[in-house]
Amino acid sequence: MEKTFLMVKPDGVQRNLVGEIVNRFERKGYRLAGAKLMQISDDLAKEHYGEHKERPFFGELVDFITSGPVFAMVWEGENVIATAREMMGKTNPSDAAPGTIRGDFGVTVGKNVIHGSDSPESAEREINLFFETSELVTYTKQDSAWIY
Ligand code: DAT
Ligand code: MG
């Protein structure tokens, strides 16, 4: 089954949105495989956002993502990578549809509440960057027969 890496950013943690965000993916029918509250180091931030290192906002992005704890998660389910991105909404909350996480809770692109992997390659890279294999749990959920 497909896995993705999702993370409530420091603004989402400070604004008490961890439970709301977990609830959305839980109710959707995805399975939580791992989760932790953590402080991202400068090195990890630069590695995670490496694809943006030449962008003018890179410094601000690293400062922001290290500005407080984040809630890192791995979720599993059919087509979870693309669907989680849909549930998050567009990168800029002012373009994100109501009903999406960024559409409902964000205002500016610099503080857009949540991160999610954008492809199978980035999901694998980001899961390995943030989680040890031993931190991910494989188990059967009793509701899966009512979802699949
Ligand atoms: P996403 O988080 O939707 O995958 P991205 O990978 O293009 O978006 O950018 C990573 C983060 O960088 C994004 O969540 C917020 C920030 N960002 C993107 N474009 C920005 C911009 N023009 N100004 C400031 N921050 C920006
Ligand atoms: Mg991205």
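Which residues are around ligand 1? In this predicted model, the residues around the ligand are Lys9, Tyr49, His52, Phe57, Leu61, Arg85, Thr91, Arg102, Val109 and Asn112. By residue class, this shell holds four nonpolar, three polar and three charged members.

Lys9 places a polar side-chain atom 2.9 Å from an oxygen atom of ligand 1. For His52, a polar side-chain atom is likewise found 2.9 Å from an oxygen atom of the ligand. Arg85 also takes part, with a polar side-chain atom at 2.8 Å from an oxygen atom of ligand 1. Taken alone, ligand 1 exposes 520 Å², and the protein buries 76% of that area.

Stepping back from the ligand, the overall fold can be followed along the protein chain. Seven helices and four strands make up its list of elements. Read from the N terminus, their order is β-α-α-β-α-α-β-α-α-β-α. The protein chain has a radius of gyration of 15 Å, close to the 15 Å that the globule rule gives for 148 residues, so the chain is as compact as a globular protein of that length. Along the principal axes, the C-alpha atoms of the protein chain fill a box of roughly 45 × 35 × 25 Å.

Note on methods:
Residues are numbered from 1 along each chain as its sequence is written. Chains are lettered from A and ligands numbered from 1 in the order in which they are written. This is a predicted model: local features need pLDDT of at least 70, side-chain atom pairs count only at pLDDT 80 or more; totals for chains, interfaces and linings use all residues. Side-chain values use heavy atoms; hydrogens and water are left out. A residue is near a molecule or strand if one of its heavy atoms lies within 4 Å of it. A polar contact is a pair of N or O atoms within 3.5 Å; within protein, one must be able to donate a hydrogen and the other to accept it, and residues adjacent in sequence count only if both atoms are side-chain atoms. Accessible areas come from the Shrake-Rupley method with a 1.4 Å probe; for residues, only the protein chains shown count as cover. Ala, Val, Leu, Ile, Met, Phe, Trp, Tyr, Cys and Pro count as nonpolar, Asp, Glu, Lys and Arg as charged, and the others, Gly among them, as polar. Helices (H or I, at least four residues) and strands (E, at least two) are DSSP runs, numbered from the N terminus. The radius of gyration is taken over C-alpha atoms; the globule rule is 2.2 Å times the number of residues to the power 0.38.
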